[in-house]
Amino acid sequence: MPSVTVKAPTAPIRADAVVVGVRKTNDGPQLVSGAEPVDTALGGRLVEALRTLGATGRPDEVLKVPTLGLADFPLVVGTGLGEDATSAEAARRAAGAALRALTGQRRVHLAIDAAAGALAEGALLGAYAFTSYKSSPTEPALRTITIAGPTSSRADVRRATIVADAVSLTRDLVNTPPNDLYPETFAARAAELAKERGLTVEVLDERALKRGKFGGILAVGAGSVRSPRLVRISYRPAKPKAHLALVGKGITFDSGGINLKTANLTWMKSDMFGAAAVIASALAIAALKLPVSVTVTVPMAENMPSGTSYRPSDILRMYDGSTVEVGDTDAEGRLVLADAITRAVEDEPDYLMELSTLTGAQLVALGPRLIGVMGEERWRREVVAAADTAGEGAWGMPLPAELRAGLDSPVADLVNVPSDRWGGMLVAGRFLGEFVPDGLPWAHLDIAGPAFNQGGARDYTPKGGTGAGVRTIIAAAERLSAG
Ligand code: BES
Ligand code: MN
Ligand code: ZN
């Protein structure tokens with residue numbers, strides 16, 4: 001990642017491109033404060049130049065103006081902040097859009113009078129590129145980002161760097177294809193990262209999972225030649241205010257299994273997104289030294305069809321001792337998560353947060369951007385509020401009691417899918433709730449849509465892995481740290 005430094009607004013600007021903010025008003029586009037030194041260098045004619053180019057100031061509008069030797073820097077970039085130009089998220093998006101349009105520039109300076117932390121976060125996220133698999137890997141040109149702001153904002157910029165690091169790691173893991181990222185390699189990478197940061201790691205391989213009777217994880221992983229894993233990472237600060245358990249779905253590829261999928265198969269490399277997000281978030285929480293104990297529990301498996309696959313009608317004995325009838329091998333996430341949740345609650349955490357690309361129904365209900373949040377009501381509201389402060393879209397959803405009846409099985413304690421598809425996101429949440437003890441504040445975040453951007457790049461969001469949810473987890477941990 002490029003480095004970010006804060007510079008006094010009066011300091012001389014040394015950059016290849018300088019970004020200014022453009023606000024949308026009823027009187028047309030206006031410069032956001034912070035742009036004055038740039039405008040002065042251009043003889044006060046910057047707005048005029050932007051208008052000539054058709055600027056409106058709307059979000060995701062990026063316009064480039066060459067300075068033709070009038071300034072020390074060759075290029076000015078106007079980035080739209082929209083009408084509500086003062087929100088932190090508007091600053092993140094505008095900085096992200098600008099940096100996405102500036103690939104190839106080595107030094108970029110932001111002359112926008114907005115929260116430096118938000119600008120840094122947006123700029124770093126917008127500058128992200130996944131190039132590991134390009135044959136002629138070009139070194140990312142961008143080396144330094146400078147932000148005009150007060151020295152008092154340096155701590156915010158440091159936090160933003162840690163957050164952006166976690167989001168970028170999540171994106172990298174999701175974008176890495178399933179022929180290279182499978183349970184064994186994913187677990188090894190997670191262990192390596194955690195040890196580097198001084199966290200405690202435990203990896204259960206297939207033998208250990210058999211010994212431990214993790215029936216859900218073993219069944220889902222049975223069809224693949226790549227055997228499943230369960231990874232546990234813990235962070236223990238000196239005086240924790242609370243203990244947060246993080247669980248994430250780690251299906252490195254979801255073919256559907258014997259109930260083989262017929263559509264969207266390339267999308268299913270993102271089915272380990274929840275696992276990547278909770279691992280990256282735990283690393284960030286540790287780097288921020290938040291006074292919250294964190295224990296990550298991630299089940300990793302590849303859901304494949306073969307002669308050794310689990311089948312529809314199989315009855316599994318889960319890690320908690322209960323039995324589940326398999327109605328559909330494509331509803332595999334809830335099976336691995338049930339075992340992981342049971343393991344996570346053995347540590348007696350104060351809060352449980354679980355992220356998963358669990359249902360296509362999440363996309364039907366909330367669309368591709370909004371995270372569906374379910375679980376215990378108070379903690380669910382806290383998590384939605386954390387998402388709001390982090391600038392991520394999330395919406396609280398109910399877990400209607402009557403949906404439980406659809407999970408009754410004639411032959412086992414539960415079946416993993418009901419006979420109809422109504423409220424599929426909520427049904428999956430209801431299933432997971434069966435493995436959560438009464439009284440534990442738990443939240444289930446269905447991120448099937450937000451995890452992976454199928455459309456074009458926008459604001460600070462690239463195509464492919466997005467990192468959605470990471471900022472919400474970190475913000476929720478910060479809330480627990482505060483008291
Ligand atoms: N991983 C999928 C959910 C998914 C769908 C994620 C689209 C991202 C985009 C999950 O394992 C799945 O297959 N869910 C089924 C559940 C059904 C069989 C009850 C679904 O949503 O169709
Ligand atoms: Mn599936
Ligand atoms: Zn899945």
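Which residues of β4 make up its covered face, and which its uncovered one?

1. The covered face of β4 consists of Leu 63 and Val 65, while Val 62, Lys 64 and Pro 66 form the uncovered face. Helices (H or I, at least four residues) and strands (E, at least two) are DSSP runs here, numbered from the N terminus.

2. This is a predicted model, in which local features need pLDDT of at least 70 and side-chain atom pairs count only at pLDDT 80 or more, whereas totals for chains, interfaces and linings use all residues. Residues are numbered from 1 along each chain as its sequence is written, chains are lettered from A and ligands numbered from 1 in the order in which they are written, and side-chain values use heavy atoms, with hydrogens and water left out.

3. β4 pairs with strand β5 (residues 75-82) in the antiparallel sense over five bridges, pairing being assigned if DSSP finds at least two bridges between two strands. Pro 66 has Leu 75 of β5 as its bridge partner.

4. Asp 60, in the loop between α2 (46-52) and β4 (62-66), has a positive phi of about 70° although it is not a glycine. Asp 60 counts as partly exposed because its relative accessibility is 35%, the classes being buried under 20% relative accessible area, exposed over 50% and partly exposed in between (1.4 Å probe, protein chains only).

5. The zinc ion (ligand 3) is coordinated by Lys 249 (NZ), Asp 254 (OD), Asp 271 (OD) and Glu 332 (OE) at 2.0 to 2.4 Å. Donors are N, O and S atoms within 2.8 Å of the metal (3.2 Å for Na, K and Ca), and sites may look incomplete since water is not among the atoms. The angles among the six donor atoms of this zinc ion run from 78 to 172°, and the site is octahedral, a term that for six donors requires opposite donors over 155 degrees apart and all others between 65 and 115.

6. The zinc ion (ligand 3) lies 3.2 Å from the manganese ion (ligand 2), and Asp 254 coordinates both. Distant parts of the chain are linked here, with Lys 249 in the loop between β10 (243-248) and β11 (250-254) and Glu 332, 83 residues apart from it, in the loop between β14 (323-325) and α10 (333-345). Both Lys 249 and Glu 332 are buried.

7. Asp 459 lies in the loop between β20 (452-453) and β21 (464-465) and has a positive phi near 30°. Asp 459 is classed as buried because its relative accessible area is 5%.

Key
Four donors count as tetrahedral if all angles lie between 85 and 135 degrees; four count as square planar and six as octahedral if opposite donors are over 155 degrees apart and all others between 65 and 115; anything else is irregular.
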